[in-house]
Amino acid sequence: MPSYQLAQLNIGTIKAPLDSPLMADFTNNLDRINALAEVSDGFVWRLKDDTGNATDYRPLDPLTIVNMSVWRDLDALMQYVYKSEHVAIMRRRREWFERMDTAFMVLWWVPVGHEPTVAEALERLEYLRANGESSAAFSFRKPFAAPDQQLVAEA
């Protein structure tokens, strides 16, 4: 039984307030895409408020929203991100979000049962930006195995 699960954070700077016409297709699809995540194989947890989404969390500035979740493993998250209906929304991100010149997504391993805080996730993102990819903070481009998998591989 694995001892670790994969946490992810992605941030985005919205081009307009969420209640604006420009953001309507994004906000109108939030509940559907969040529900899809929650029924996806390997989904464990996601950050959400009383309304069922996380768009009210603005830890960086009023226009930057966060999305954070925990998954069984990298394969489960990749299936959801790249092989589900999520892809259609993700392809449209430039309509709603400003282009970022720095890392806006980070992955890291957490012990089973741990729900990361927004502060913890932002620390991982900053670590990735400052130090590059490592087992402490990485991306889909250069994934790292969970700590317990590394120990098995080294033994």
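These legends go with a set of close-up views of one predicted model.

**View 1**
The stretch to be careful with is residues 151-155, where pLDDT stays under 50. For that stretch the model has 0 contacts beyond four places in sequence.

**View 1. The open sheet, strand by strand.**
Here 4 strands line up as E2-E3-E1-E4 in an open sheet with antiparallel pairing. Strand E2 (43-46) and E4 sit at the edges, each pairing on one side only. On average, neighbouring strands are turned by 25° against each other, direction ignored. As a reminder, strands of a sheet pair through backbone hydrogen bonds.

**View 2. E3 and its two partners.**
Strand E1 (residues 4-13) runs antiparallel to E3, and 8 bridges hold the pairing. To find your place, look for Asn10, whose bridge partner in E3 is Asn67. E2 also runs antiparallel to E3, joined to it by 3 bridges. A handy landmark is Phe43, which stands opposite Trp71 in E3. How much of E3 is buried? The count is 7 of its 8 residues, so the strand is mostly covered.

**View 3. The largest nonpolar core.**
This core has 26 residues, and those with the most contacts inside it are Leu6, Met23, Phe26, Trp71, Leu77, Leu107 and Phe140. Which elements give two or more residues to it? They are helix H1 (24-39), strand E3 (64-71), helix H2 (74-83) and strand E4 (105-111). H2 gives the most, with 5 residues.

Zoom in on Phe140 and, leaving out residues up to four places away in sequence, you'll see it touching Leu74, Leu77, Met78, Val81, Tyr82, Met105 and Leu107.

**View 4. Asn34, a buried polar side chain in H1.**
Is Asn34 buried or exposed? Asn34 is found in helix H1, and its relative accessibility is 8%, so it counts as buried. Not counting residues up to four places away in sequence, Asn34 touches Arg46, Gly52 and Asn53.

**View 5. Glu85 and Arg32.**
The structure holds 8 salt bridges, and this view shows one of them, where the side chains of Glu85 and Arg32 meet at 2.8 Å, N to O. Why does this pair tie together parts that are 53 residues apart in sequence? Because Glu85 lies in the loop between H2 and helix H3 (86-91), while Arg32 belongs to helix H1. Arg32 has a relative accessible area of 37%, so it is partly exposed.

**View 6. Glu38 and Lys48.**
Another salt bridge joins Glu38 to Lys48, with the closest N and O atoms 3.1 Å apart. Glu38 is in helix H1 and Lys48 is in the loop between E2 and E3, so this pair ties together parts that are 10 residues apart in sequence. Both ends are partly exposed: Glu38 has a relative accessible area of 32%, and Lys48 is at 40% relative accessibility.

Arg92 and Glu95 meet through their side chains in a salt bridge of 2.8 Å, N to O. At 26% relative accessibility Arg92 counts as partly exposed, and so does Glu95, at 37%.

Key:
Residues are numbered from 1 along each chain as its sequence is written. This is a predicted model: local features need pLDDT of at least 70, side-chain atom pairs count only at pLDDT 80 or more; totals for chains, interfaces and linings use all residues. Side-chain values use heavy atoms; hydrogens and water are left out. A nonpolar core is a set of buried Ala, Val, Leu, Ile, Met, Phe, Trp, Tyr and Cys residues joined through side-chain atoms within 4.5 Å. Buried means under 20% relative accessible area, exposed over 50%, partly exposed in between (1.4 Å probe, protein chains only). Contact means heavy atoms within 4.5 Å. pLDDT is the predictor's confidence in each residue, from 0 to 100. Two strands pair if DSSP finds at least two bridges between them. Axes are lines fitted to C-alpha atoms, for helices over the stretch in contact, and angles run from 0 to 180 degrees between N-to-C directions. A salt bridge is a side-chain nitrogen of Lys or Arg within 4 Å of a carboxyl oxygen of Asp or Glu.
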